[in-house]
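Trainee: Please take a close look at one helix and its surroundings. Then connect it to a few other places in the chain.

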Amino acid sequence: MTITEVPQSAAPDAPVSSPPDAVSGAPEKTSGAARTVSRPDKRKTIKPARDRLMTALSLVAAVGGTLVGVIGFAMSYSTLAKVALSWGFSKELAPWFPVGVDASIIAFLALDLYLIRKSTPWPLLRLAAHAMTGATIWFNASSQGQISTDPVQAASHGVMPILFVIGVEAARRLIIQKARLEAGTVTDRIPLHRWILSPIATPRFYRRMRLHNVTSYPEMIRRQQELIGYEQWLRRKCEGDLGKASEDELLPMKMAAHGYTVSQALAMPEQQERAAEARAEEAERRRLDAETRQELARKKAEADRLEAEGKLEAVRARVEGETGQARAHARAQVSAAERAAELEEAALETAVIAEARARAAEAERKEAQEYEAKAAADVRAAELERQAAEKRRLAAEADRIAAAEAQAFETAEIAEARKRAAEAGRAAAEAEEAAAETRRRAAEADRLTAEENERKATADANTQAARKREAETEYAAAEARLAAAEIERRAVEAEDVAKLKPRERAVRKVARMILTAGDAGRLPLADIQRELAVASPGTASEYRQEAAELLAGGYRPEW
């Protein structure tokens, strides 16, 4: 059995253990009855005998109350009129005295009933009506002389107003109960026998009903039975020692004093965990949203930077193109001038120059013939050299064959020794190669470690520099705020000495704001509205215009 599988605290058929939904479930029957009544039927609907009896009693009460009130006011009117004459009222005003007293009672009680009907009662009206009723009773009782002389006669004159007040109080109680029924706030009364049979526990029971706004007496009984049943079940589960129970299992006993039912108390841990999970999910969602916004802002900044670089490159290419065109045009002009000079020089050549060129060409032709003869001699010398090299090659081949024949006489032991020496050399070479690879890897690891340390040192240095810059920025901002506050204080002191009006002070404050912003156009109207606590943008605009005129006139605070 789990925590939530608590045994039923009362018998299923017990009327006091019915859930609180029984009251809210009643409209289903009522609506069903309404559907039955509204069903088309040619037969006449017969009301129950109880409804006819209640209607008859209501009519009797209304007629009887009205009759008692009329008789009481009639008797009171005649008696109070005589009392007013005996007290010195004139004959014209004496008949109006009882009308004023009795009319005030009716007006106060009617107004009290009307306010109760509108769910806005005012106890002072009821107290005033009761005070006037008491005065009427006293006036009627004392109209026959001393009350102590004939109390019966005095009581006969004062009983009628008392009966009227009782009738009005009964009507007031009926109206209040009807309003509570309509609003669904009817509070059950604790039966008298419970107060008598359990005088100690019943006050605590009543206190819990009122503190936790439990209007149903059966619902409160059901809660108490559930709590007792759960406690007994928990004792049985823990073998009589509630100290073995967990904190969650003890929640119904702890939270009962705060109006929680057993099921509500047992559901609290799960609800709180769900609420905590919801808060964590909301925090994670906000964090992801913030990261997304930061990423979007970063990408947007990067896009803006790339766009600006693209524009810069376009401007640079355009300028370089224009510069290149200008340089090409200048080079073309220089080339044209040089070409013109060369043509002019060629036109000025004389026949002597042409003859000299012819002689030089003949000399070059002869020199070419000599060079050709020299080249043929070099070819013959190269052929002789090739033949000598061929002879040397043949001699070397003969020597190699002779050496091979001499080596063929070597014994098998010498060959085996040479083989072992070759293998030892190969192993030594492999070991040397492995050692070189190991040294290379160690050097590479040392290099990577050095680079990582250098990056960490650079990052630490950058972090320290950023923190230093942030601290310097914060310090500069604090100094700026302090200087602004000091300027504002001096300006306020100067305005106090000058005894300026509030509008003049406001205009000067806006002027100082304009000086801080640099220009009147850079000062938003919203800042003026916030600093001066004005709601109208038009007023803020007037302040800014007057402040600009004041600055144009030479106003400068003491900086």
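**A helix and beyond**

Mentor: Just after helix H3, Ser-119 takes a positive phi of about 60°. This is a predicted model, where local features need pLDDT of at least 70, side-chain atom pairs count only at pLDDT 80 or more, and totals for chains, interfaces and linings use all residues. Residues are numbered from 1 along each chain as its sequence is written, and side-chain values use heavy atoms, without hydrogens and water.

Now H3 itself. This helix (a DSSP run of H or I, at least four residues, numbered from the N terminus) covers residues 96–117. Several H3 residues are buried (under 20% relative accessible area; exposed is over 50%, partly exposed in between; 1.4 Å probe, protein chains only). Among them are Phe-97, Val-101, Ile-105, Leu-109 and Leu-113. Asp-102 and Asp-112 are buried too. An α-helix has 3.6 residues a turn, so residues three or four places apart point the same way.

Next, compare Ala-171. It lies in helix H5, residues 151–183. At 31% relative accessibility, Ala-171 counts as partly exposed. Gly-65 is 106 residues away from Ala-171 in sequence, yet 9.6 Å away in space, C-alpha to C-alpha.

Move on to H14 (residues 525–532) and H15 (residues 537–552). They pack at about 95°, with axes 9 Å apart (axes are lines fitted to C-alpha atoms over the stretch in contact; angles run from 0 to 180 degrees between N-to-C directions). That makes H14 roughly perpendicular to H15 (65 to 115 degrees; under 35 is roughly parallel, over 145 roughly antiparallel, the rest oblique). Contact means heavy atoms within 4.5 Å. On the H14 side, Leu-525, Ile-528, Gln-529 and Leu-532 take part. They meet H15 residues including Pro-537, Ala-540 and Tyr-543.

Look at Gln-529 in H14. At 19% relative accessibility, Gln-529 counts as buried. Beyond its neighbours within four places in sequence, Gln-529 is in contact with Val-534, Ala-535, Ser-536, Pro-537 and Ala-540.

Last, confidence. The chain averages a pLDDT (the predictor's confidence in each residue, from 0 to 100) of 75. At least 70 is reached by 77% of the residues. Over residues 1–47, pLDDT stays under 50.

Note on methods
Helix = DSSP H or I, 4+ residues; strand = E, 2+ residues; numbered from the N terminus. Expected span 1.5 Å × (residues − 1).
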